Amino acid sequence: GRTVQYIPIKFHLIANTDGTGRVSEMNVLGQLCELNEDFEPLGIQFFLKDGSFNNINNSTVFSNHSGTVNTIMTFQRNARALNVWVVGEIADNQSSDGQTLAYYSPVKDWIVIRKANVGPNDATLTHEIGHYLSLPRPFLGWDASAYSVATHGTPAPVVSPGGVPTELASGSNCETAGDQICDTPADYNLGLGWSNCNYTGGARDPNNELVNPEEQLYMGYFLNCPDSEYFFSPMQEQLMLADLASSSRNYLRLDAVPPVREITDSPVLLSPIDSVQLGHYNAVNLTWQGVQGADAYVLEISRVSTHTISPIRMVVFGTNKIVTGLEPNRRYFW
């Protein structure tokens, strides 16, 4: 097998100025696990830079960050990690195809993603890291205008709306057309709005041959395939590994290798014990039994057992936390 390469990643978790709205740390950790599963075939694994998140409370960054890219975001960018900004919405329309879920900025060399697309079963960030590691979309040239018979006629034009030569279904011009990656078949943004994982839309290439795109590429826009079946093609993998090995990525090469130990146990909550009624509410000391190998814990406190309504959340280094700001005569779950 390959030697594993470790990439430090810094998640910037944005909230409103009053601290509300931030993505849950559990979702980000679930996303990290998803990334490590998706990139395992390449021998790439991601780890939290400094073992921590960067929390920023700023309503502008949270809901319309475009005016802050050269100020607060540039000041907070980590120079020795892949930077991922998790915001509420992406308002500066990066796409003519409607809602932008995430994007990679080559100028700033960072990724911005909506919190709704961060979690254990979402490949949006995997797709954007593909861009970060140099990959184009398989439908290069059709990015801004997905193919349709009504708009572009049939057969498809020899040159795409983006000015890139249109790749033929036969692949005979694959080195000079489309994404110029020969093991990703012709695709004219055919996944956009397609409701399943089997394209039967009948698009025809400039030679009037039927186009058969690969629906399960991470870099494509077919969003309705089973999560476990998406992949990078072998040539896409080679290109990403070459980008990672280039001098422009030297800043990712940290001497420190993260401790790779699998944690299978869960913390045991010690006190307060279940259903106990405390005589005080303003400084409640929560304590738990540590877990072998764990450096930190995610603590969640909520009025409901599902932890879905305005939970208090924090990362704790240690096995206890004194919590203030709780209300009297209320039931809390932790």
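Start at H307, in the loop that runs between β9 (297-301) and β10 (312-316). The model on screen is predicted. Check the backbone of H307: phi is near 60 degrees, a positive value in a residue other than glycine. Most residues other than glycine have a negative phi. Now show the surface. H307 is buried, with a relative accessible area of 18%, because the limit for that label is under 20%.

**Next stop: N189**

Select N189, in the loop between α5 and α6. Here too the residue is not a glycine, and phi is positive, about 60 degrees. Is N189 buried or exposed? N189 is buried, at a relative accessible area of 2%.

**Stay in the loop: P155**

Go to P155. This residue sits in the loop between α5 (149-152) and α6 (234-245). Display the bond that joins T154 to P155. The peptide bond is cis, with omega about 0 degrees. Most peptide bonds are trans.

**Jump to P272**

Select S271 and P272. A cis peptide bond joins this pair, and omega is about 0 degrees. P272 belongs to the loop between β7 (268-271) and β8 (284-289).

Keep that loop in view and pick V276, which lies between β7 and β8. V276 is partly exposed, with a relative accessible area of 40%. Together with V276, they make a nonpolar surface patch of about 250 Å².

**Charged pairs**

Turn to the salt bridges. How many does a search of the whole structure find? The search finds 9 salt bridges.

Take K10 and D50. Their side chains meet in a salt bridge, at 3.9 Å from N to O. The pair links distant parts of the chain, 40 residues apart. K10 is in strand β1 (residues 5-15), and D50 is in the loop between β2 (44-48) and β3 (54-57). Colour both by accessibility. K10 counts as buried, at 5% relative accessibility. D50 is exposed, with a relative accessible area of 56%.

Move on to R77 and D109. Their side chains form a salt bridge, with an N to O distance of 3.7 Å. This pair also links distant parts of the chain, 32 residues apart. Find R77 in the loop between α3 (72-76) and β4 (82-87). Find D109 in the loop between β5 (102-105) and β6 (110-114). R77 counts as partly exposed, at 26% relative accessibility, whereas D109 counts as buried, at 12%.

Hold D109 and look for another partner. Which residue is it? D109 forms a salt bridge with R249, and the closest N and O atoms are 3.0 Å apart. These two residues are 140 residues apart and link distant parts of the chain. R249 lies in the loop between α6 and β7. R249 is buried, with a relative accessible area of 5%.

**Last selection**

Select R77, D109, D243 and R249 together. These four are linked in a network of salt bridges.

Technical notes:
Residues are numbered from 1 along each chain as its sequence is written. This is a predicted model: local features need pLDDT of at least 70, side-chain atom pairs count only at pLDDT 80 or more; totals for chains, interfaces and linings use all residues. Side-chain values use heavy atoms; hydrogens and water are left out. Helices (H or I, at least four residues) and strands (E, at least two) are DSSP runs, numbered from the N terminus. Buried means under 20% relative accessible area, exposed over 50%, partly exposed in between (1.4 Å probe, protein chains only). Patches are made of residues with over 30% relative accessible area and no salt bridge: like charges are joined within 9 Å, nonpolar side chains (Val, Leu, Ile, Met, Phe, Trp, Tyr) within 5 Å. Accessible areas come from the Shrake-Rupley method with a 1.4 Å probe; for residues, only the protein chains shown count as cover.
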